[in-house]
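Work through these exercises with the model in view. Try each task before reading its solution.

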Amino acid sequence: MSQKIGLVGARGIGKTTLLTAAFDETIKVGFGQVGIVIQAHEEETREILNINKNSLAGILSGGLNFQNRGLGSTMTAQLYDFEMYLASQPDLPLVFQIMDYPGELFKTQSGDAWNACRSHLLASRVIIVPVDASLIMETRNAEDKARIPGLLGLAEAGNIVLEWAASQLAIGQSWFLNIFFGPFKRAIGQSRPLDIILCPVKCEKYFKDNGGNVDASVELYATTLEHYKGIIDQAVEINPGIRAHYLPVDSMGCVEHYRTDWNNDPPKQFFRLREHRRRTVKGAEDLMGIIVENFIHQMDCDAQVKINGNDLEKKSKQGRITEINDQWFLFRWWNSSEQIKLEEEVAQINQSNQKLKQHKDMLQTIRTKMAEKKSGRYKPLMEAGK
Ligand SMILES: Nc1nc2c(ncn2[C@@H]2O[C@H](COP(=O)(O)OP(=O)(O)O)[C@@H](O)[C@H]2O)c(=O)[nH]1
Ligand SMILES: [Mg+2]
């Protein structure tokens, strides 16, 4: 079973770069050190990631200063397939898919191509909203500021995020799930965790922890919320199961904004390369942490539901075995083949439960190991139900 992740954002905000950063070598090596493997699940994703990485390298080798140019210029949406597993247990991968799409689709929000993206987004448990930090932080006056919602596509983002909040609520409340899982859900807590992550990108200039000189992280936090808090609040109001997070990521890391030419539409942003010119991704490990925590929570609940179901079944079978055992010996003899069958079934259930418990242990190990990798930039915005 694969889990879905959605990206929400207009053209040029930094979706593709962020997605590529999440699978950067430094991130992979970092997780490799704690025994977790993260990689492309199939050929096509590997190829596209490499194309993205080459474009990033090209941008960085293009001279000391560069303007924002988008990664890739395709008109089609792109599904990226990834897998993650414990190096010691490669046969139990968590598979997840991220949908990336060109900004034009996000703007028109119509047609078959958008509908495919929209279905993916609505089915996602994790929504990542990249925020163009250089855009929101570098306005000169009220006029520039007035252009921000249009440039970020706030109305478009609001449409899809609120639709997601509502449709996930419908899934959580479906009669089917409630009848079958309702009693367990109460016992094991919220079984369908939903996460939305505000992810400022192009924010190298505002942090001191990755080669910068100025700390404007407090302003960045305030400015991000100024623009996006309305959407987050509404989403949580619609669906109190949503957990909201704030996590600035350096998806380039060796460049910082130095000038915006607001006379253009869209405004042209200019970035200055730092001397070493090496990409130094920061924050992506936390992003992976939130994604994986979501999936693990879900899988853990699913495993527990199965264990509980198995336990119930086992109890009834054992009850019948005791019943047979308590019978007069001739009846007992008469029912002996049933008893043997029941005992075999109980053994099978025990085996299945043991496997499920092993799986739960593995998920727990991944969780603990992931927690060792934190950038220190993360802030929770809202806990579910609060
Ligand atoms: N400095 C910096 N530039 C970024 C960052 N993310 C994206 N960019 C630049 O912003 C431009 C647009 O990024 P892209 O990922 O193609 O945006 P998309 O259209 O949303 O997929 C590219 O020139 C990127 O190099 C970042 O975190 N820092
Ligand atoms: Mg893109």
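The bend at a residue is the angle between two axes, one fitted to the seven residues ending there and the other to the seven starting there. The model is predicted.

**Exercise 1. Find where helix H10 kinks, and compare its span with the expected one.**

Step 1. Locate H10 at residues 217–238.
Step 2. Apply the bend. H10 has a kink of about 60 degrees, and the kink is centred on Tyr228.
Step 3. Check the span. The 22 residues of H10 reach 30 Å from first C-alpha to last. At 1.5 Å a residue, 32 Å is expected, and the span is close to that.
Step 4. Look at burial. Tyr228 is buried. Other buried residues of H10 include Leu220, Thr224, Ile231 and Ile232.
Step 5. Recall a rule about helices. An α-helix has 3.6 residues a turn, so residues three or four places apart point the same way.

**Exercise 2. Decide why strand S7 counts as largely enclosed.**

Step 1. Take the cut-off: a residue is buried if 20 or more other C-beta atoms lie within 10 Å of its own.
Step 2. Apply it to residues 194–201. Eight of the eight residues of S7 are buried, so the strand is largely enclosed by the rest of the structure.
Step 3. Separate the faces. In a regular strand the side chains alternate between the two faces of the sheet. On one side of S7 sit Leu194, Ile196, Leu198 and Pro200. On the other sit Asp195, Ile197, Cys199 and Val201. Both faces are covered.

**Exercise 3. Work out how S2, S4 and S5 pair, and classify Tyr80 as buried or exposed.**

Step 1. Pair S2 (residues 36–40) with S4 (residues 78–86). They are antiparallel, with five bridges. Ile38 faces Met84 of S4 across this pairing.
Step 2. Pair S4 with S5 (residues 94–100). This pairing is antiparallel too, over seven bridges. Met84 stands opposite Leu94 in S5.
Step 3. Tyr80 counts as buried because it has 25 C-beta neighbours inside 10 Å.
Step 4. Tyr80 and Gln97 are 17 residues apart along the chain, yet their C-alpha atoms are separated by 5.4 Å.

**Exercise 4. Classify Ser167, which is found in helix H8, and then helix H1.**

Step 1. Find Ser167 in H8, residues 154–172.
Step 2. Count its neighbours. Ser167 has 17 C-beta neighbours inside 10 Å, so it is partly exposed.
Step 3. Move to H1, residues 15–22. Eight of the eight residues are buried, so H1 is largely enclosed by the rest of the structure. Among them are Lys15, Thr16 and Leu18.

**Exercise 5. State how many residues the largest nonpolar core has, and which parts supply it.**

Step 1. Give the number. The core has 73 residues. Val129, Val161, Cys199 and Leu287 have the most contacts inside it.
Step 2. Find the largest share. Helix H11 (residues 284–325) supplies it, with seven residues.
Step 3. Check the domains. Domain 1 (2–282 + 375–382) and domain 2 (303–371) each give this core at least three residues.

Terms used
Residues numbered from 1 in each chain as written. Chains lettered and ligands numbered in written order. Predicted model: local features only at pLDDT ≥ 70, side-chain atom pairs only at ≥ 80, totals over all residues. Buried ≥ 20, exposed ≤ 12 C-beta atoms within 10 Å, placed from the backbone. Helix = DSSP H or I, 4+ residues; strand = E, 2+ residues; numbered from the N terminus. Right-handed = clockwise from strand over helix to strand, strands pointing away. Expected span 1.5 Å × (residues − 1). Core = buried A, V, L, I, M, F, W, Y, C linked by C-beta atoms within 7 Å. Domains from an automatic or database assignment. Pairing = 2+ DSSP bridges.
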